[in-house]
Amino acid sequence: MTSMANARDGEMTSPETADETRQTISTIRDSAAEGPLPEAGRAPGEEDGTLDPETAMIELRRFHRGLPVETSTPPPASVLPALLHRFRGATHLRNQYPLFIAPAGVELGQDGVIPLRDLLDAAVSSFAPDPEECRILRDNLLRLETRIRDSIPLGAPPADAGPLLEEARRAMIGELGLVGENAAQLEFDLESLISAIPSGGRFLAYGEGVAVRLLLHVTRNRLSARREEFRREVASRADHLRALLDVERAKDPEARRPDELEGRMGSAASRFVSASRLSEVLGDPRGSTAMTTERRERISRVLNRLDGYLACEDSLTLVLVCGESAPAPELTEDDVRIVEAEDALAEALLVFRAEADKLTAAAGAARIATLEIEGRYEAALYDAWFEQFSPESFTDEELSLLPVVAAVERATAVADRELASFSRALLSHAPIQILVLESPILNPGVSGSDPFDRARLELGYLGVSHREAFVQQSTPAWPDHLIEGFRVALGSVRPSLHLLATGVELGDRGHRFDPWLEAGAAVESRAHPLFRYDPTAGLTWASRMSFTGNPDPEEDWSADRFVATVGDEEGQVVDATFTFADYVLLDPSFVSHFRIAPDEAGEDDLVPFAAYLELDPEERMRRIPFVWGVDEEDRAHRLAVSRRLVQAGRDRIAYWRTLQELAGVRNEYVREATERARNEAEAEARQARARLEEEHARAIESARIEATEEALGNLARSLLDLPSSGALSLVVGSTPSAAPPTAPGAPAEGPAVEAAPEEAVEEEEEEEPGDPWIATALCTSCNDCTAINPRLFVYDSNKQARIGDPNAGSFEELVRAAEKCPARCIHPGKPRNPDEPNLDALIERAKPFQ
């Protein structure tokens, strides 16, 4: 993560920004070459309410650098980020809410939670799998969904699904006004739809308290099953212990007296069997040795504890410990207890210990019962251990029987006064759930009004540094991601931290569009990245860190297009990124960090916010970053961004890149290792090629010498008519540079004879492509070539490509794979089929890869 230096004059500074500060005055003066820098509030053209373009840019630079500016004003509150402008005024967008919460024991969706739209689709498909069936109902499912969604206010407690479905059914029939066969068919289909939805379910709307309610639901599903299984085990062990005591009582001589036998037989049996006669027949007890008094008393004590546990109901599911800054949600359920505390995290540890102590007696008794039933209890070995039995001795299964203790606190309170408790809780062995509510804009480490004057305190990153705690950063706007995190956390027996985005906090000013969209925008803008750190998932960062759920996880920012009036041109399509600065524009509290730039400003003056962060310091001095905003009249404006907000944006993107590396996305170490391996492989290939070329050159030279010797020898034999083993041939062969003697009057044919071998040598020196081959060491396992032809290209045991069957593919496939290969390690060789179409063109395309 890019480090930030200490704040200077209330503003984040670094070596780069210090240089920028020193250059600020000269830069502004350079922009006003024709005259002195206008004093703020006294710019030319102020009399008629407008500024000339040059003065406007000077004022804009003053604003960006944090100097006093009075001649320009922030954009009106009606200006929204351009990529969200199309949602202006929308208060009930179709999203994953409301959620349907299924009753306990019903398998539906994720842990019994499913969005309304998915619920309706699944219900219709259950009785009408053919898409052409129930056409009227299918065509109006959105109407039904909208009716149900509009009937549940934002932030409302869970509502029974049955009455809402019935009300929506009646309203839909009335709105459509169908008659005859169509009306009857629609009514029948609606009744079938409602019957297919599990009864007893509830609808949960988006709003405050959603995260706690989802945690409660997941806890109920898991805790009830565990407790039910444990109670069955306890009841079984209690029955076994009673049976042991009954056997021992039968060994007592007193148990064979007539009055004892008559009492045990009952009055009905006494009429037919004489108790005195039976006592005489039984006689004195015989058989195994009687149980010691110490053991009998121990079993009796254990049995009383087990019976006491079975007599009590495990009614408590969740203990919610709320801090002073996190008001308790309205939970009226009987299995929930709410505790308010000044230090919620410290109190949660105390509450957990108290709940664990309640289970200590039953858990210890269950273990002793198992040892007694199996005949393995040794007093000398176990008495002292069970005297000190405490929650620290609990197994994972025993810890999972306890009610879930969850602490709820705001991030600002944790950072301000509870950091010590925060660390103690995460380092403890208590499986408590810590829910920290944080505003994606605000900085928990800054108590003042400006959250951009220093690097942000990332509590999620701090939580991960505790190593053995489960940490997730999520948002109720992504319920699937949040529920999965709750499921994993409750499945382990370790402290768990959940950083939850609260969205834009507008207070009494209301929302300008759907709050769910505002919360989702925090994830899109990298203000609140989603991640999950699970220490139980493996031994490496790659296995422990999950980055799923983030849009465009491999990119710095998400990008999209918007349509608006730009300047005098209507309906312009503009590419834009959604950055942290765009998200800040959603909150009117920070509108002072923006100014509308004049239309005359060119690309030499203004640069998009995302691109500005990548400029070098010298370029940043000459440019002003901007984001796109759109007003109510559909007119786009470039909004200059303050230097403080730029620093905050740089801090957020640095944290985003840190998370990317931890999750294995755009990992710099991997990139460097890959580059090193590629360079080494290329160097080895060059060396191997150089060796081959050297060997080839030596072979050509040897062949040339041999050919010259043979040609001169043949010439000499033909002229002198000597046998091939003659002395002259030996002399000639030993001196290839010497010209052979010629007979008187014979033509000088020596040079003509030597020309033929030289031409042959030149032809041999021209290297022609051979069979296709792959530099396997360079392969990146990208699957591009195997996707073209899996028989022609195959993987070896290291999942690196090599040529499989060269006859199984065409030359065109070889060339296409070579062009597509990112490592350029495929060499097509020469065509195997001379009749393949377009061969000349393919050979030309293959030349760069030979």
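Predicted model: local features only at pLDDT ≥ 70, side-chain atom pairs only at ≥ 80, totals over all residues.
**Exercise 1. Determine how helices α6 and α7 are oriented relative to each other, and which residues form their contact.**

Solution. Begin with the elements: α6 covers residues 161-176 and α7 covers residues 180-196. The crossing of α6 past α7 is right-handed.

Next, identify the residues. On the α6 side, the contact is made by Leu 165, Glu 166, Arg 169, Met 172, Ile 173 and Leu 176. On the α7 side, Leu 186, Glu 187, Leu 190 and Ile 194 take part. Sorted by class, this contact holds seven nonpolar and three charged residues, and no polar ones.

**Exercise 2. Describe the packing of helix α12 against α16 and against α13.**

Solution. Helix α12 spans residues 344-373 and helix α16 spans residues 419-427. The two pack at an angle of about 35°, with their axes 8 Å apart. From α12, Leu 345, Ala 346 and Leu 349 make the contact, and from α16, Ser 421, Phe 422, Arg 424 and Ala 425. The classes in the contact of α12 with α16 are five nonpolar, one polar and one charged.

Turn now to α13, residues 379-387. Here the angle with α12 is about 170° and the axes are 11 Å apart. Since the cut-off for roughly antiparallel is over 145 degrees, α12 is therefore roughly antiparallel to α13. In α12, the residues involved are Gly 364, Arg 367, Ile 368 and Leu 371; they meet Tyr 382, Trp 385 and Phe 386 of α13. The contact of α12 with α13 comprises five nonpolar residues, one polar and one charged.

**Exercise 3. Locate Pro 98 and Cys 134, and state the backbone feature found at each.**

Solution. The bond between Tyr 97 and Pro 98 is cis, with omega of about 0°. Pro 98 is placed in the loop between β1 (80-81) and β2 (99-101).

Cys 134 is not a glycine, yet its phi is positive, about 50°. This residue belongs to the loop between α3 (116-127) and α4 (135-139).

**Exercise 4. Count the cavities of 30 Å³ or more, then characterise the second largest cavity.**

Solution. The count of cavities of 30 Å³ or more is six. The second largest cavity has a volume of about 100 Å³. It is lined by 15 residues, of which Cys 779, Cys 782, Cys 785, Cys 821 and Ile 826 are the closest to its centre. By class, the lining of the second largest cavity divides into 11 nonpolar residues, three polar and one charged.

Definitions and conventions: Residues numbered from 1 in each chain as written. Heavy atoms only, no water. 1 Å grid on protein atoms, 1.4 Å probe; cavity = no way out; pocket = protein on both sides within 12 Å on 5 of 7 lines; lining within 4 Å. Points joined across faces, edges and corners; volume = space filled by probe spheres on them. Nonpolar A, V, L, I, M, F, W, Y, C, P; charged D, E, K, R; others polar. Axes fitted to C-alpha atoms, helices over the stretch in contact; angles between N-to-C directions. Helix = DSSP H or I, 4+ residues; strand = E, 2+ residues; numbered from the N terminus. Left-handed = near helix turned anticlockwise from the far one by under 90°. Contact = heavy atoms within 4.5 Å. Parallel < 35°, antiparallel > 145°, perpendicular 65-115°, else oblique.
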